[in-house]
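Okay, thanks for coming, everyone.

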Amino acid sequence: MDFINEMKWRDMIHDSTPGLQEVLGSGITPAYVGFDPTADSLHIGNLVPIMLLVHYQNCGHQPIALIGGATGLIGDPSGKNTERKLLTLDKVEYNISRIKPQLELFLDFDSGKKSAKIVNNIDWFKNINTISFFRDYGKHLTLNYMLAKDSVQNRMQSGISFTEFSYQLIQAYDFHHLNKTMGCKLQIGGSDQWGNITAGIELIKKTTNNKVHAFTTSLLTKSDGSKFGKTESGNIWLDPKKSSPYKFYQYWMNVSDDDAKKMIKIFTVLNEAEINNLFKLHEKEPHLRILQNELSKRITSRVHGGDAYAQSLKVSNILFGKNTSHLLQEISEEDFLMVFEGVDQYDIDKSILQSGLNVVELLTTHTGIFKSKGETRRLLDSNAISINKIKCKSDCLILKANLLNGKYLLFQKGKKHYSIICAQ
RNA sequence: GGGGGAAUACUCAAGCGGUCAACGAGGGCAGACUGUAAAUCUGCUGGCUUAGCCUUCAGAGGUUCGAAUCCUCUUUCCCCCA
C-alpha cells in the first residue's frame, strides 16, 4: 500500500517534498515523528502524529518515535506567541517515563525490518560539545535562513530568546543524526513543523549531500471551530488518572457527524472500503451514530483496553439510556467508583440526612456544588437537576434511604454533567 | 503642555433624574424536540432568609425626597492640536 495515496484518501496531507513517493516506493524507509515531553501524559491532540506513524507502519515502512528529552529542555517556538518557561531536567525525565509507554500502545515493535523504534534525543545530545556543534553544524544554516522561518518571524515583535531561536538547529541535528545512524529519510509532523523539518533537510544536504524528505499533516480542526481535544474542563489525556476512560470514551462519542467522518479516517486503521461502508450505514440510520460508536470503541480499547471500553459503554448506557434509575440501584460499589473516577466528588456528613435534607441545602451549603442558592433554585425549577437519575424539584428532600450502596448520591445537571456526593 | 471624548454585568452595547438588577446582541446554562447530534423553539443568566429584601453601572465625595443618569475630585483609556 502506498503511503502517499493512503494519506490522500484519509485527507491527512498538508504538504510534502517532491520525490517522496518515489523514495517510499523503493523499499522500507525509516521515518520519524518527534514528541516533546512537555507534560506527564500525551493528550488526544498528540494522537494525530501518532496515527501518522501507525499508518506509515501499516504501509510497510519503519516508524521512529523520537522523544525530545533534549529538545524538551529547549522549547519549540512553533505556534507559540510567547517565550515558554523552561522545564527542569527532572520534570522532563519524569514526563518521558510516562509518555513512552503510551507511545508503545500504538506501534508494532515486532515486525522485522519495519519494527518501530523509540529514541530519545538526549542520548546523542548529552555528549555533544558546544563548540564542535557550532563549528560542524551551525556553520551550515545561515542566520538569514533561520530568521525567515515563520516560527521566528511570528515572534520578532514579542521577542524570542536565543534558546528558542536555536530550536530549529537542534531539531535539524536530530534529523541529521537519525539519517546517519538509522537511514531515516523522512520526517513527519503537523503543518506547524514544516519550518523545523526543512531546516533538517537543509542541514543534511549541506553536511552529507543526502536527499531527505518532509511530510506534514493539516492541523485537525473541528466543525464548530473549537480546538480538537479540548473540552471546557481542559485537555483529554491518554493517562487514565488524568482523564478517566469514561471521559475519554465520551469525548469521541460526542463528536459531530462531520467531525466523526474526518476522524474515523485519521484515528482508525479501517481501510477505505470499510470506512465508506460505515458512511453508508451511518447515512441510512444516522440516529444509531455508527461512526461515533466505531470511533470511540476503537480508540478507547486501543488506549485503555477492552475492559475499560466495555465498562465505559456500560456506564454510558446507564447514564444516557432511558429509565435507568433502577439500573443504577443495582450497580456495585466497585463499578460505581470505577465509572466515576475523575468525576468531581463531594463529601458530606451522613448524619445530616438523618431527618431528610432539602436538596437546595445539600447542593449549596453542604457540598458547594453551586455557590448560589438562587442559581440552584433556577436550575431545579427548570427541571435540570437529577439525583440518582430522578428529577428533583426545589422542595425535594434527600434521605439516607436514597444513598446508593448506603454511601453515594449521583448528582446530575442537564444531560451530561455528573458529580458524586459521598456520605461518610 | 492645550482641547475633546469615554469608562455599564462574561463580551459587545443601550441608557441622558424616578416605571433600572438595568433594552438589545453574542456567549453561557437549562428545558422541549432529537441521535448523549445539528438546526429550531422556550426559559434563565448579581446575591439572599425570594409576593419581598440587599449590593451593583471605574473610584471617592456632593446635589436631590430620589442618581447608572447632574456636579466635583481621582484613576485609566481614546482622539485632536502642539
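Before anything else, a word on naming: helices (H or I, at least four residues) and strands (E, at least two) are DSSP runs, numbered from the N terminus. This is a predicted model, so local features need pLDDT of at least 70 and side-chain atom pairs count only at pLDDT 80 or more, while totals for chains, interfaces and linings use all residues. Residues are numbered from 1 along each chain as its sequence is written, chains are lettered from A and ligands numbered from 1 in the order in which they are written, and side-chain values use heavy atoms, with hydrogens and water left out.

Let's start with Leu403. You'll find Leu403 in the loop between β13 (397-398) and β14 (408-413). Is Leu403 buried or exposed? Leu403 is buried, because its relative accessible area is 8%, and buried here means under 20% relative accessible area, with exposed over 50% and partly exposed in between (1.4 Å probe, protein chains only). Leaving out residues up to four places away in sequence, Leu403 touches Lys350, Leu353, Tyr408, Leu409 and Ala423; a contact is heavy atoms within 4.5 Å. Now jump to Ala39: Leu403 and Ala39 are 364 residues apart along the chain, and their C-alpha atoms are separated by 38 Å.

Okay, zooming out. Chain A has 21 helices and 15 strands, and its C-alpha trace spans about 80 × 50 × 35 Å along the principal axes. Of its 424 residues, 49% count as buried. If you take the contacts in chain A with a separation of 6 or more, 73% of them come from residues 24 or more positions apart.

Chain A is divided into domain 1 (3-217), domain 2 (230-320) and domain 3 (339-423); those bounds come from an automatic or database domain assignment. The C-alpha centres of domain 1 and domain 3 are 49 Å apart.

On to the inside. A nonpolar core, for us, is a set of buried Ala, Val, Leu, Ile, Met, Phe, Trp, Tyr and Cys residues joined through side-chain atoms within 4.5 Å. Which residues touch the most other members of the largest nonpolar core? Trp252 and Phe267 do, out of 56 residues. Helix α3 (residues 47-58) gives the most to this core, 8 residues. Domain 1 (3-217) and domain 2 (230-320) both give residues to this core, so it lies between them. Trp252 touches, among them, Ile44, Leu47, Phe228, Met263 and Phe267, not counting residues up to four places away in sequence.

Next, the sheet. Six strands form an open sheet in the order β1-β6-β5-β2-β3-β4, and the pairing is mixed; two strands pair if DSSP finds at least two bridges between them. β1 (15-16) and β4 (117-120) stand at the edges with a single partner strand each, so one side of each has no neighbour in the sheet. Further in, β2 (residues 30-35) and β3 (residues 62-67) pair in the parallel sense over 6 bridges, and Phe35 has Ile67 in β3 as its bridge partner.

Last one: Asn179, in helix α11 (residues 167-182). Asn179 counts as buried because its relative accessibility is 9%. Its side chain makes a polar contact of 2.9 Å with the side chain of Asn210. A polar contact is a pair of N or O atoms within 3.5 Å; within protein, one must be able to donate a hydrogen and the other to accept it, and residues adjacent in sequence count only if both atoms are side-chain atoms.
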